[in-house]
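Work through the exercises below with the sequence and the structure side by side, and try each task before you read its solution.

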Amino acid sequence: MSAVLPSGGAAAAPRKAASMGVWGAAWKRFRGDRVGMVSLGIVLAFVLLVVASAAGLVASGWQKEVGVPNAPPTLVGPRAATADTTAIAVPTGPNVDISDIDPLAPRYKEWDAATAKYKTVETPRAETLPFGGDRLGRDVLAKAIKGAEVSIMVGVLAALAATLLGTVLGAFGGFYGGRVGDALEWLYNVFTSIPNILLIFTFAAVLNRADAIVPKGIWSIVVILALTGWTGIYRLVRGEFLKHSVRDYVRSAEAIGASNASRIFRHILPNVSHVVLVQLSIHVVSFIKAEVILSYLGLGVAVDQVSWGSMLAEAQSELILGHWWQLAAATLFMAVFVTAFSLFTDALRDALDPKLRGLE
């Protein structure tokens, strides 16, 4: 029997599987990387912790003195009791009448009764805390969580600002060239001719003044890191725009009347977005480290704030006395997040590598 053909007399051609696109293929490659997926889970856990801290759900009372000074971690147990040699013996016996030599003596009892009404009741302090306490008795775990909020927020905001600045300048320099490119290259050479650490300290000294426009704290660090961290992104984006601006698809867009802004942001930028995204993730890690260094040196967050860097600065004096738990808590939180984010960045870079797109 002959096969029944559909109308038109020819067999229907098999449908070609729809392409996943660049981002779909990248996500498929990323899901196949177990280390990258685990790192992504850790990073998302820290992000949720930061959001909860910012909303006041956790670590809102990090400044409260809930434990005894330098309370050890619960795992270690309370400190051994020591004899108090500073106690002053209270004299016993009847009070001596000194009214003859002190005319105010009859009023002492009245004043004692009046001041007793205003005495505050001291809240009992814990002998141990989960991660220990600092020299004032504040919970180190709460400080580490609040420090994660500040340090991660600074790293992300500074990386976004530096990436935006470097991408825009790199796009203009690579696309327009000429005098615009020469002026931007001169600015780039000026910033890169100065050692990065000296440049950071210079901006920190200027922005941390009392009459500075940007108040000292998170925003001053964001501005400092953004002004010193855009050069690497600028160099890479400029090179990509120099390469793509002469390709056929950009020439075709120019031939049909596409404006310069349309060619920059609608045609070229999406094709170099993988470079920008990877550089953004790399700068988050480097800026968190820079914030820790600045806060450790006293050039970072304000006194009423806490970050991993300020915790390390406090732990320096505590470590001499054998109180290691604040150093351990800040180091543990920072090491886990930075390591996970670095592994996530490596997996993301491999997933977005254009050379691997043809292997799908």
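This is a predicted model: local features need pLDDT of at least 70, side-chain atom pairs count only at pLDDT 80 or more; totals for chains, interfaces and linings use all residues.

Residues are numbered from 1 along each chain as its sequence is written, and side-chain values use heavy atoms, with hydrogens and water left out.

**Exercise 1.** Find which element has the lowest mean pLDDT and which the highest.

Solution. Begin with pLDDT itself, the predictor's confidence in each residue, from 0 to 100. For the protein the mean is 84, and 83% of the residues reach 70 or more.

**Exercise 2.** Classify the ring pair of Phe-175 and Tyr-176.

Solution. Rings of Phe, Tyr and Trp (its six-membered ring) pair if their centres lie within 6.5 Å, and planes under 30 degrees apart count as stacked, over 60 as edge-to-face and the rest as tilted. By this rule there are 12 aromatic pairs. The centres of Phe-175 and Tyr-176 are 5.2 Å apart and their planes stand at 90°, so this pair is edge-to-face.

**Exercise 3.** Decide whether Phe-175 is buried or exposed, and do likewise for Leu-75.

Solution. Buried means under 20% relative accessible area, exposed over 50%, and partly exposed in between (1.4 Å probe, protein chains only). Phe-175, at 15%, therefore counts as buried, whereas Leu-75, at 84%, counts as exposed. Leu-75 is located in the loop between α2 (34–54) and α3 (108–116).

Methods
Helices (H or I, at least four residues) and strands (E, at least two) are DSSP runs, numbered from the N terminus.
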